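Student: Could you take me through this model feature by feature, giving the general idea before each case?

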Amino acid sequence: MTGSDGPHREPGSDFRPAGPASERAREEEERAVEQALALVGGSDRTGGSGRPGGRPSRSQDSQGHQDSQGHQGSQGHQGPRDSQGHQDPRDSQGHQDPRDENPNPGPSSDPHARPSRDPHVRRSSDSPSYDGPDNDPRDGRTTASATTASATAAGTTAATATAPAPGSERPPPPGRATPGDSAKPRPTTPPPSWNRARAVADRAGRGGPAATIRLPLDRALGHVLAEALGALTDLPSFDTSAMDGWAVAGPGPWAFEAGAGLLAGRGPAAALPDGTAVRIATGARVPPDTTAVIRSEHAQVDDVRGLLHARRSVVTGQDIRPRGQECRSGEQLVPAGTVVTPAVLGLAAAAGYDALPVVPRPRVDVLVLGDELLHAGLPHDGLIRDALGPMLGPWLRALGAEVSGARRLGDDAGALRDALTSSDADLIVTTGGTAAGPVDHVHPVLDALGAELLVDGVAVRPGHPMLLARLSPDGPYLVGLPGNPLAAVSGLLTLAEPLLAGIAGRPAQDPYRALVHAEVHGHPHDTRLVPVVHRPGRAGGRDHVAPLRYNGPAMLRGIAAADGLAVVPPGGVRSGTEVEILDLPWAPATPWTEGCFT
């Protein structure tokens with residue numbers, strides 16, 4: 001099937017860049033897109049957003065493009081609306097505008113618009129409150145659709161846009177849309193690149209000073225240190241014996257007296273005269289003037305004469321841990337930003353701490369949207385199981401967050417609005433509803449709340465309809481995940497993970513690369529995230545990663561066997577190429593990942 005956006009691609013088909021013969025057409029289309037963008041963003045009357053008053057516009061594209069590579073959601077996706085009506089912000093042949101470094105519209109000329117604190121974000125309009133299809137308009141104003149405007153460039157037709165007009169009837173909210181209604185237009189600017197979107201999320205998480213709390217050691221595990229951990233004492237705080245044996249002074253043989261000797265936990269002992277020895281236990285305080293400790297197995301005891309002989313040569317200071325050997329008081333042990341592991345807890349206790357200064361865990365609310373979801377039993381009658389509700393909580397906790405139980409709201413705009421306005425979390429994660437379908441309420445509700453869209457779509461597959469918003473300058477962030485499960489995973493790692501790391505005070509991780517032992521097809525313009533598993537090198541070869549099958553946007557079989565995601569650049573990579581790897585926050589893949597998954 002073909003249309004104004006070019007040939008339709010069947011689900012699972014590979015994307016390949018256009019050949020040289022299409023270069024002239026591509027250039028013409030890019031020029032046409034640039035001209036169209038200039039018209040949309042340059043009018044004072046539209047406020048740089050394409051609609052009167054500076055209100056952002058969203059729309060479904062003319063072909064109803066589906067998520068990622070056109071995969072359907074019948075295999076357990078969160079909601080079918082995520083694969084119906086996604087706006088692809090590229091031109092008719094899929095070409096992305098090269099001006100990705102400034103992916104969002106310019107500031108609105110609306111004098112009532114709130115100023116953005118970031119030049120790369122846009123503010124949702126202060127539109128009338130939207131509570132979904134079952135609520136009447138809250139004022140007497142009516143609106144009518146404006147004249148449809150279409151612009152033809154390089155054989156493509158611009159999407160139809162509607163705008164309110166004074167004195168006309170107010171259009172129904174998206175929840176009341178009928179099959180013949182036009183979807184609300186979406187921004188025509190290209191989405192940011194995957195790297196750019198992650199950078200925006202990381203910067204948002206680190207936008208303000210982190211709070212600090214003190215937690216007792218038994219509650220600090222998994223938190224991030226808000227301050228560097230300095231030693232409160234020398235470690236060890238006195239000279240101690242490293243072994244069970246004999247403390248000796250001067251040259252041997254050494255006279256000794258029968259008895260238990262020196263035990264750990266006792267007070268200081270008297271100085272040891274030359275030519276004498278005393279039994280000593282591991283960890284016991286070494287008497288002053290001790291030359292060395294002789295291990296029990298290296299000593300020969302003459303009980304009759306009361307003399308101790310060494311079986312080996314004795315070196316001054318052997319098997320003695322001197323005071324301050326590990327650290328001196330005040331010395332930094334671990335820096336701020338360190339995750340408190342069991343080993344850090346042990347070190348802190350040894351250094352004299354009873355409580356630690358840490359950053360509070362980010363609090364996260366999870367809102368599951370979609371009337372088509374079942375929470376138990378087998379799929380039936382068009383209903384499917386909710387895969388994301390059980391998955392997101394544990395995944396977010398593995399990222400260091402404190403997560404409330406998932407709330408299932410269905411396709412209820414009013415319930416969504418109430419949940420957003422009543423949340424006291426640092427981050428709200430929603431599933432589904434980020435596209436432009438008749439029951440996709442996330443964008444309209446954000447518009448009604450005046451939220452600031454930091455990222456509205458990302459040039460990544462799967463998961464390009466993901467979004468990041470700030471509900472208010474002091475309010476929570478919202479990460480809107482697509483409904484397809486692997487697309488939602490993509491959104492987690494692209495937006496939620498760097499945002500949470502910033503809020504929690506974790507230092508940014510340096511990316512690492514690994515060889516991939518297979519050709520991996522790429523999208524012609526977008527980054528792809530592909531589940532992979534690490535493999536050890538054979539016969540002296542380098543370790544590498546192998547891509548896994550079942551990597552469609554609605555599939556979880558591949559990611560369940562994976563221990564990472566390969567970041568595949570546009571165009572794909574050949575076997576033997578190094579690619580960036582995103583680790584998953586749990587143990588490496590187990591041997592059963594061999595076989596049908598690769």
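Tutor: We shall look at the nonpolar cores, then a sheet, then charged side chains. This is a predicted model, in which local features need pLDDT of at least 70 and side-chain atom pairs count only at pLDDT 80 or more, while totals for chains, interfaces and linings use all residues. Residues are numbered from 1 along each chain as its sequence is written, and side-chain values use heavy atoms, with hydrogens and water left out.

Student: Which residues touch the most other members of the largest nonpolar core?

Tutor: In soluble globular proteins, nonpolar side chains tend to be buried together. A nonpolar core here is a set of buried Ala, Val, Leu, Ile, Met, Phe, Trp, Tyr and Cys residues joined through side-chain atoms within 4.5 Å, where buried means under 20% relative accessible area, exposed over 50%, and partly exposed in between, with a 1.4 Å probe and protein chains only. The largest core has 50 residues, and V364, L392, W395, L396, L468 and L499 touch the most other members. Helix 7 (residues 485-504) gives the most to this core, with 10 residues; helices (H or I, at least four residues) and strands (E, at least two) are DSSP runs, numbered from the N terminus. A second, separate core of 18 residues includes L367, L409, V445 and L471.

Student: In what order do the three strands of the open sheet lie?

Tutor: Strands of a sheet pair through backbone hydrogen bonds, either parallel or antiparallel. Here the order is 11-15-14, with antiparallel pairing, and two strands pair if DSSP finds at least two bridges between them. Strand 11 (254-255) and strand 14 (299-302) are the edge strands, each pairing on one side only. Four bridges join strand 14 to strand 15 (residues 307-310), and Q300 stands opposite H309 in strand 15.

Student: How many salt bridges does the structure hold, and what does the pair R328 and D234 tie together?

Tutor: Side chains of opposite charge can pair when their charged atoms come close. The structure holds 11 salt bridges, each a side-chain nitrogen of Lys or Arg within 4 Å of a carboxyl oxygen of Asp or Glu. R328 and D234 meet at 3.1 Å, N to O; R328 lies in the loop between strand 16 (320-321) and strand 17 (332-334) and D234 in the loop between strand 8 (229-230) and strand 9 (240-241), so the pair ties together parts that are 94 residues apart in sequence. R328 is partly exposed, at 43% relative accessible area, whereas D234 is buried, at 10%.
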